[in-house]
Amino acid sequence: MKLSEKEMEILEILEEDSRLSVDTIAKMVCLSVEETEGMIQKLEKEKVIVDYSTTIDWKKVDGHEGVTAMIDVKVTPKRGVGFHEVAERIYRFDEVKSVYLMSGAYDLSVIIEGRTMSDIAHFVSEKLSTLDSVISTTTHFILKKYKHDGVVFEQGDNDKRIVVSP
Amino acid sequence: MKTKEQYISTKVQTLKPSGIRKFDLAASMEGVISLGVGEPDFVTPWHMREASILSLEQGYTAYTANAGLKELREEISTYLEKRFSVSYRAEDEILVTVGASQALDLAFRAILNEGDEVLIPEPCFVSYDSLVSLAGGVPVHVQTSGDTGFQIDIDRLKEALSEKTKAIVLCSPSNPTGAVLSKAALKQIADLAEEHDLIVIADEIYAELTYDQSFISFASLPKMRERTILISGFSKGFAMTGWRLGYIAADSYFLHAMLKIHQYSVMCAPAMAQFAALEALQNGLAEVEKMRKSYRQRRNYFVESLNEIGLHCHNPGGAFYAFPSIQQTSMSSEQFAEALLLEEKVAVVPGSVFGPSGEGYIRCSYASSLDHLQEAIKRMDKFMKKMSTS
């Protein structure tokens, strides 16, 4: 779908910070609050804006350390439905956070979160590998997140500028 | 035996210290939101920093040509042509300097004889007066007014002319007002310069940061190229203030004179900074566009919010300053800035620092995160409400 310049700008602003009030966004793009609200609602209805979420560093929360793994999955595509059917069978599991179809050495990239490594081992051996179309899996555990979705995790608000300058 | 005072030249003794420094108080306080910063809040994009690091790794630690790296001058020449339609030869019409500040210093020293007058529309950047004085010239202020959005009034310029007038300084977009000179005003100034044979020092350091219309470089006006000394740099548009890298573009007879001073006083601008600037021009214009967009959004938010809380503010077309009026409070701008800092911990710069026409205004930089701007507006709103009930 083709978007207006203002709609594009609103998307960019929300992608950066989805907690800004409509009032603030309206001022930033020089529109009335009603117009801005209308545009956001339209973008939500059209599923251009899919969801609003929060980036959380769970490592900082006691008892929520968790484990994340990226699994490279090779599959046999099915006639008529290609990769779609197997992707759907995988993403229906709640513990699966993302499923991407990839170019290159494997077909699907699956990102999964669990509480422990054995949770993930269990999922891979019992749920994923046993699917008919799955030929092979390679599991990579994430050891540390440095930067996620454009956000650097351990970076304070350190403005290095002098307080007043000409 | 001389007194200690006599050790210092009388010229320097009479030089006024920058009024902005008085607000160093803000640095010692906790929890201050500073809108007093005259520089971008972006860190120089990584690939530019990386280019500089690479130059060090490769051992480019020697002097460059006096006028700057040839490749850099070539890039500046191409950039000026493409971006602002002004043509300057890389060989003898471009000089890379230590910030636009050194460029200004060179320009005044190259053109002024003792007693020559320089017209300086104010409120203006704090250095002009002192640099003109140090070069032996006499700064002549030309007032502008908030009622006309700080556009230059051609009649006032004419009134300020004398037989000794040698040059005029233009700063558009303006620090501190954010005003961008209209095409009509530029044309009038060009006619005046032509008629009275004035040199125009065009401080275009904020040229990349205009938000409502594309920037017109003064030298691009008919017949103005030969009487304009174009001053710009990487500090503001490319977020490179600490690198201290600016440049001058001017006809070769001006450039030759300035190069003479430059080669004796600084030899050349730092090599490592020149390599970062080279990368900035070759691969950094998309980032400049991104930063411009971000400033525009913050300007829109901030200026409208100021007006909402009763700090009337013209819409600044460029730079990253809002310059609202505080006249309804019956405080001087210095009193206002001090009270706002002490009571609500928001640092702004009193307009009077930038010249008499700045009295009754404050300079607020919106080159600060949106979170900070929102918090600053909240605090200023509280301050204004207190003022109106007391």
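Me: In this predicted model, how many bridges join strand S6 (residues 199–203) of chain B to strand S7 (residues 228–233) of chain B?
Reply: The model is predicted. In it, S6(B) and S7(B) run parallel. One of the paired positions is B:Ala202, whose bridge partner in S7(B) is B:Leu230. The number of bridges joining the two strands is four.

Me: In what order do the seven strands of the open sheet of chain B stand?
Reply: The pairing in this sheet of chain B is mixed. From one strand to the next, the twist averages 20°. The order of the strands is S2-S8-S7-S6-S5-S3-S4.

Me: Which strands stand at the edges of that sheet of chain B?
Reply: An edge strand here has a single partner strand, so one side of it is left without a neighbour in the sheet. The order S2-S8-S7-S6-S5-S3-S4 shows which strands of chain B lie at its two ends. They are strand S2 (94–97) and strand S4 (138–143) of chain B.

Me: What angle does the direction of helix H10 (residues 252–265) of chain B make with that of S2(B)?
Reply: H10(B) packs on the sheet. The strands it touches are S2, S7 and strand S8 (246–250) of chain B. The angle between the direction of H10(B) and that of S2(B) is about 30°.

Me: Why are helix H6 (residues 99–111) of chain B and helix H7 (residues 127–134) of chain B described as oblique to each other?
Reply: The axes of H6(B) and H7(B) come within 9 Å. H6(B) passes H7(B) in a right-handed crossing. Angles under 35 degrees count as roughly parallel and 65 to 115 as roughly perpendicular, the rest between these being oblique. The two helices are therefore oblique to each other, with a crossing angle of roughly 40°.

Me: Which residues of H7(B) meet H6(B)?
Reply: From H6(B), the contact takes B:Ser101, B:Leu104, B:Asp105 and B:Phe108. By class, the contact has four nonpolar, two polar and one charged residues. The residues on the H7(B) side are B:Ser127, B:Leu131 and B:Val132.

Me: Is the crossing of helix H5 (residues 70–84) of chain B and helix H11 (residues 271–283) of chain B left-handed or right-handed?
Reply: The axes of H5(B) and H11(B) come within 9 Å and cross at roughly 35°. On the H5(B) side, B:Glu71, B:Leu72, B:Glu75, B:Ile76 and B:Tyr79 take part, and they meet residues of H11(B) including B:Leu278 and B:Leu281. The contact divides into six nonpolar, two polar and two charged residues. The crossing is left-handed.

Me: How far apart are the centres of domain 1 of chain B and domain 2 of chain B?
Reply: Chain B is divided into domain 1 (4–44 + 286–383) and domain 2 (52–284). The centres of these domains are taken over C-alpha atoms. Their separation is 23 Å.

Me: Which element gives the largest share of the side of domain 1 of chain B that touches domain 2 of chain B?
Reply: In this contact, 36 residues of domain 1 of chain B meet 36 residues of domain 2 of chain B. H12 and strand S9 (321–322) of chain B each supply at least two residues of the domain 1 side. The domain 1 side divides into 18 nonpolar, eleven polar and seven charged residues. Its largest share, seven residues, comes from H12(B).

Me: Which element gives the most to the side of chain B that touches chain A?
Reply: The contact between the chains involves 23 residues of chain B and 13 residues of chain A. Helix H3 (25–28) and helix H12 (285–308) of chain B each give two or more residues to the chain B side. That side divides into eleven nonpolar, eight polar and four charged residues. The element that gives the most, with five residues, is H12(B).

Me: Which residue of S3(A) stands opposite A:Tyr100?
Reply: Chain A has an open sheet of four strands in the order S2-S3-S1-S4, with antiparallel pairing. Its edge strands are strand S2 (96–101) and strand S4 (134–141) of chain A. Five bridges join S2(A) to strand S3 (residues 108–114) of chain A. The residue opposite A:Tyr100 is A:Ser109.

Technical notes:
Residues are numbered from 1 along each chain as its sequence is written. Chains are lettered from A and ligands numbered from 1 in the order in which they are written. This is a predicted model: local features need pLDDT of at least 70, side-chain atom pairs count only at pLDDT 80 or more; totals for chains, interfaces and linings use all residues. Two residues are in contact if their C-beta atoms, placed from the backbone, lie within 7 Å. Ala, Val, Leu, Ile, Met, Phe, Trp, Tyr, Cys and Pro count as nonpolar, Asp, Glu, Lys and Arg as charged, and the others, Gly among them, as polar. Two strands pair if DSSP finds at least two bridges between them. Axes are lines fitted to C-alpha atoms, for helices over the stretch in contact, and angles run from 0 to 180 degrees between N-to-C directions. Angles under 35 degrees count as roughly parallel, over 145 as roughly antiparallel, 65 to 115 as roughly perpendicular and the rest as oblique. A crossing is left-handed if the near helix is turned anticlockwise from the far one by less than a right angle, and right-handed if clockwise. Domain bounds come from an automatic or database domain assignment.
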